[in-house]
Amino acid sequence: MIVINFKNYKTGKSALQLTRKIQKYLPRATICASALDIEMLVANTKLSVFAQHADSQEGDKATGYNILKSLKEAGAKGTLINHSEHPISITDIHKILIMSKKLNFKVIVCASNLRNFKSILNSKVKPYAIAFEDPKLVGSGKSITRYRTKDVINFIKIMKKTNIIALCGAGINSAEDIREAYRLGCKGVLIASAIANSKKPEILLKEIARIKK
């Protein structure tokens, strides 16, 4: 599973252009886009579109929040939450997971360390996927598969006992990094700047498309 987070690198027309390039080479990829772009991307491409973030607020007092129901109505299949650039409390994570189940809405939860990861697993409602990422490696070009190998292995050992999709992220910047993630036992990766911030994303997209799992 390849999950590509656009972060703030791509919005509007540039987000649509990148999505079309991703669709050409990785038609089964999932993209995490700005809430403002979801409806536009869903209408003009065939990729699975997730929001980059969602809030636990709902009802009459939710001005300015990314409400799960609204994200789904815009066409999103799910949402990413607790990214290192937008961390939320364990309480809010659990609330969102409970709310998402009622809406049949997928949630990918980022975990910055093994303690955080275990707290996420304690939720009564389990997420669709968990992405293990080291905040210090995000955008660094230093892959978590190389610089936090032991932690990724320990993460996978626990994840094998669940039905949750195991992803890893942070510093993933090459096809070799993705191959290593699969070798370690991950079911996919969360990747951002190596694609979303690249002037020629086609180069890496082609290489990823050739990976044999």
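Before looking at helix pairs I wrote down what handedness is: a crossing is right-handed if the near helix is turned clockwise from the far one by less than a right angle, and left-handed if anticlockwise. I also noted that I am working with a predicted model.

**Entry: α4 against α5**

I looked up α4 and α5 with that definition in hand, and α4 passes α5 in a right-handed crossing. Helix α4 covers residues 90–103, and I found it packed against α5 at an angle of about 40°, with the axes 10 Å apart. Which residues of α4 and α5 meet? From α4 I listed Ile90, Ile93 and His94, and from α5 Asn116, Ser119 and Ile120. Sorted by type, the residues of this contact come out as 3 nonpolar, 3 polar and no charged.

**Entry: α5 against α7**

Next I took α5 (residues 114–121) with α7 (residues 149–159). Their axes come within 11 Å and cross at roughly 15°. Angles under 35 degrees count as roughly parallel, so I put α5 and α7 down as roughly parallel to each other. The crossing of α5 past α7 is right-handed. On the α5 side I noted Leu114, Phe117, Lys118 and Leu121, which meet Asp151, Asn154, Phe155, Ile158 and Met159 of α7. That contact divides into 6 nonpolar, 1 polar and 2 charged residues.

**Entry: Pro127**

I followed the chain on from α5 and stopped at Pro127, in the loop between α5 and β6 (129–133). Is Pro127 buried or exposed? Its relative accessibility is 4%, so I count Pro127 as buried. Leaving out residues up to four places away in sequence, Pro127 touches Leu97, Val107, Val109, Ile120 and Ile164. Ile120 was already in my notes as one of the α5 residues that meet α4. I also checked Pro127 against Lys7: they are 120 residues apart along the chain, and their C-alpha atoms are separated by 21 Å.

**Entry: Lys7 and Asn8**

That sent me to the loop between β1 and α1, where Lys7 sits. Asn8 has its place in the loop between β1 and α1 too. Lys7 has 10% relative accessibility, so Lys7 counts as buried. Asn8 has 71%, so Asn8 counts as exposed. For Asn8 I then looked up Ala196: the two are 188 residues apart in sequence, yet 8.8 Å apart in space, C-alpha to C-alpha.

**Entry: positive phi**

I reminded myself that most residues other than glycine have a negative phi. Lys7 has a positive phi of about 50° although it is not a glycine. Asn82 is another non-glycine with a positive phi, about 65°. Where is Asn82? I found Asn82 in the loop between β4 (78–81) and α4. At 8% relative accessibility, I count Asn82 as buried.

**Entry: helix α1**

At 1.5 Å a residue, its 14 residues should span 20 Å, and the end C-alpha atoms are 21 Å apart, which agrees. Which residues of α1 are buried? My list has Ala15, Leu16, Leu18, Thr19, Ile22 and Tyr25.

**Entry: Thr30**

From β2 I picked out Thr30, which lies in that strand. Thr30 has 6% relative accessibility, so I marked Thr30 as buried. Not counting residues up to four places away in sequence, Thr30 touches Met1, Ile2, Val3, Ile4, Ser48 and Phe50.

**Entry: helix α8**

Last, I went to α8 (residues 175–184). How many of its residues are buried? I noted 7 of its 10, and the helix is mostly covered. The buried ones are Ala175, Asp177, Ile178, Glu180, Ala181, Tyr182 and Leu184. They pack against the strands β1, β7 (165–169) and β8 (188–191), and against the helices α6 (144–147), α7 and α10. After α8 comes Gly185, and I wrote down its positive phi, near 115°.

Note on methods: Residues numbered from 1 in each chain as written. Predicted model: local features only at pLDDT ≥ 70, side-chain atom pairs only at ≥ 80, totals over all residues. Heavy atoms only, no water. Helix = DSSP H or I, 4+ residues; strand = E, 2+ residues; numbered from the N terminus. Expected span 1.5 Å × (residues − 1). Buried < 20%, exposed > 50% of the residue type's maximum accessible area, 1.4 Å probe, protein only. Axes fitted to C-alpha atoms, helices over the stretch in contact; angles between N-to-C directions. Parallel < 35°, antiparallel > 145°, perpendicular 65-115°, else oblique. Contact = heavy atoms within 4.5 Å. Nonpolar A, V, L, I, M, F, W, Y, C, P; charged D, E, K, R; others polar.
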